[in-house]
Amino acid sequence: MERTNWTEIEFILLGLSEYPRVEKVLFVVCLVMYLVILLGNSTLVILTLLDSCLHIPMYFFLGNLSFLDIWYTSSFIPSMLIHFLSKKKTISFTRCVVQMSVSYIMGSTECVLLAVMAYDRFVAICKPLRYPIIMSKALCIQMAALSWVLGFFNSLTETILAIRLPFCGKNVINHFVCEMLAFVKLACTDISLNEITIMLGNVIFLFLPLLLICISYIFILSTVLRINSAEGRKKAFSTCSAHITVVTVFYGTILFMYMKPKSKDSAFNKLIALFYGVVTPMLNPIIYSLRNKEVHGAMRKLMNRHWFWRKG
């Protein structure tokens, strides 16, 4: 079958075209959320770089997570905002592929990174005396680098298989953004290999990290319950509360999308996907900043330094 020239292909992103008023409301809501994402995550990245008190493994991984969330949301939110206000909701083949590949890299990397952060909490609570030795600077950099490399190769594999497909029909994606499975389903050829690869990728990058996170917290819970003092147990749990909340929001939304009964209301399905893509990155810096004395202290020092410079 003759393949169409990539430069000639365009995709139509339906979004909520049938509800123009809802799209205008979503424009305002998503714009505000995107600004919060940029402000919150950028602040955490700057704090983890500038404040020596935050130069510990937990905040090193948190800085990676915040940097990742900025890129993940920036890969699709700006173009989505434009489409909310535009009558022409088309996207070129190249832009669609770039959008998919970047979001796939970031999504896959985040799954691995959350598992790495769970391991960090496991070592901190279960092996506190050996924590500085085990979680050395070299190991932290290696684990963060491994997360990014695995995410990159997962995205590269999926993208290469997707762009080889021929498209010869109406290229309409019933979504706000270019999504891998919806993209390959538009191909006018057999996509069994693509579907199997996507399914394997989901198992490896979604459920395997979740399994590792659960195992880590089983050991953490076992250790914490053996602590005699209530204050000690409370302190141990408090060091994990932010990570547990982030994992719950992240995987809770994904599992809800996978396990919920199939709805005929595609608008509802798209809004759930939008929640996963926008709300979760917005909540991460808020969750990690809430009741976190180290972050609050770093914020105060940064603000005092800024005030001193302005006064000077």
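Modeller: Start with Asp120, which is buried at a relative accessible area of 1% (buried means under 20%, exposed over 50%, partly exposed in between, using a 1.4 Å probe and protein chains only). This is a predicted model, where local features need pLDDT of at least 70, side-chain atom pairs count only at pLDDT 80 or more, and totals for chains, interfaces and linings use all residues. Residues are numbered from 1 along each chain as its sequence is written, and side-chain values use heavy atoms, leaving out hydrogens and water.

Colleague: Which residue does Asp120 form a salt bridge with?

Modeller: In general, side chains of opposite charge can pair when their charged atoms come close. A salt bridge is a side-chain nitrogen of Lys or Arg within 4 Å of a carboxyl oxygen of Asp or Glu. Here Asp120 pairs with Arg121, with the closest N and O atoms 2.9 Å apart. Arg121 is buried too, at 8%.

Colleague: How many salt bridges does the structure hold?

Modeller: There are 2. Glu23 also bridges to Lys89, at 3.0 Å between the closest N and O atoms. Glu23 is in helix H1 and Lys89 in the loop between helix H3 and strand S2, so the pair ties together parts 66 residues apart in sequence (helices, H or I, at least four residues, and strands, E, at least two, are DSSP runs numbered from the N terminus).

Colleague: And how do I read aromatic pairs?

Modeller: You look at the distance of the centres and the angle of the planes. Rings of Phe, Tyr and Trp (its six-membered ring) pair if their centres lie within 6.5 Å; planes under 30 degrees apart are stacked, over 60 edge-to-face, the rest tilted. This structure holds 15 such pairs. Among them, Phe11 and Phe183 are tilted, 5.1 Å centre to centre with 45° between the planes.
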